[in-house]
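Reader: I am new to this structure and would like to know what stands behind the words used for it. Please take the terms one at a time.

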Amino acid sequence: MTAMQQAWFDLTQGVPVSVGVLRRELGLWSTLRVLHHFIWRQVTHRPFARLERAEPISSAERFT
């Protein structure tokens, strides 16, 4: 599966299902608040910035 196929699957299958579960469990307003915070954090923060590497990942490390 290519990265584009995976992204398309996530957008068309994964996101609708997860939002539906959140809405059912939390209600509409809490779900909207959670999604807002999630999107805001994705746009404004880079939590893994310190983990970026100069050299590529080894083949053994890729599978861990």
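Author: A helix here is a DSSP run of H or I with at least four residues, numbered from the N terminus. Thr-31 lies in one of these, helix α2. The model is a predicted one.

Reader: Why is Thr-31 called buried?

Author: Buried means under 20% relative accessible area. Thr-31 has 3%, so Thr-31 is buried.

Reader: What is Thr-31 in contact with, leaving aside its neighbours within four places in sequence?

Author: Thr-31 is in contact with Val-19, Leu-22, Arg-23 and Leu-26. Contact means heavy atoms within 4.5 Å.

Reader: Is Leu-35 buried, partly exposed or exposed, and how do you know?

Author: Leu-35, whose place is also in helix α2, has a relative accessible area of 24%. Not counting residues up to four places away in sequence, Leu-35 touches Val-19 and Leu-22.

Reader: Which residues make the nonpolar surface patch, and what lets Leu-32 belong to it?

Author: Leu-28, Trp-29 and Leu-32 make the patch, which covers about 360 Å². Patch residues need over 30% relative accessible area. Leu-32, in helix α2 (residues 28-44), has 41%, so Leu-32 passes that cut-off while being partly exposed.

Reader: How many salt bridges does a search of the whole structure find, and what makes the pair of Glu-25 and Arg-24 a salt bridge?

Author: The search finds one. A salt bridge asks for a side-chain nitrogen of Lys or Arg within 4 Å of a carboxyl oxygen of Asp or Glu. In Glu-25 and Arg-24 the closest N and O atoms are 3.8 Å apart, so the pair qualifies.

Reader: Why do Glu-25 and Arg-24 count as exposed?

Author: Exposed means over 50%. Glu-25 has 58% relative accessibility and Arg-24 has 62%, so each counts as exposed.

Reader: Where does helix α1 bend, and what does the bend angle compare?

Author: Helix α1 (residues 3-26) bends by about 40° at Asp-10. The angle is taken between axes fitted to the seven residues ending there and the seven starting there. Just after α1, Gly-27 takes a positive phi of about 95°.

Reader: Why is Arg-50 called exposed?

Author: Arg-50 is found in the loop between α2 and α3 (59-62). Its relative accessibility is 84%, and exposed means over 50%, so Arg-50 counts as exposed.

Terms used
Residues numbered from 1 in each chain as written. Predicted model: local features only at pLDDT ≥ 70, side-chain atom pairs only at ≥ 80, totals over all residues. Heavy atoms only, no water. Patch = residues over 30% accessible without salt bridge, like charges linked within 9 Å, V, L, I, M, F, W, Y side chains within 5 Å. Areas by Shrake-Rupley, 256 points an atom, 1.4 Å probe, with all protein chains shown as cover. Helix = DSSP H or I, 4+ residues; strand = E, 2+ residues; numbered from the N terminus. Buried < 20%, exposed > 50% of the residue type's maximum accessible area, 1.4 Å probe, protein only.
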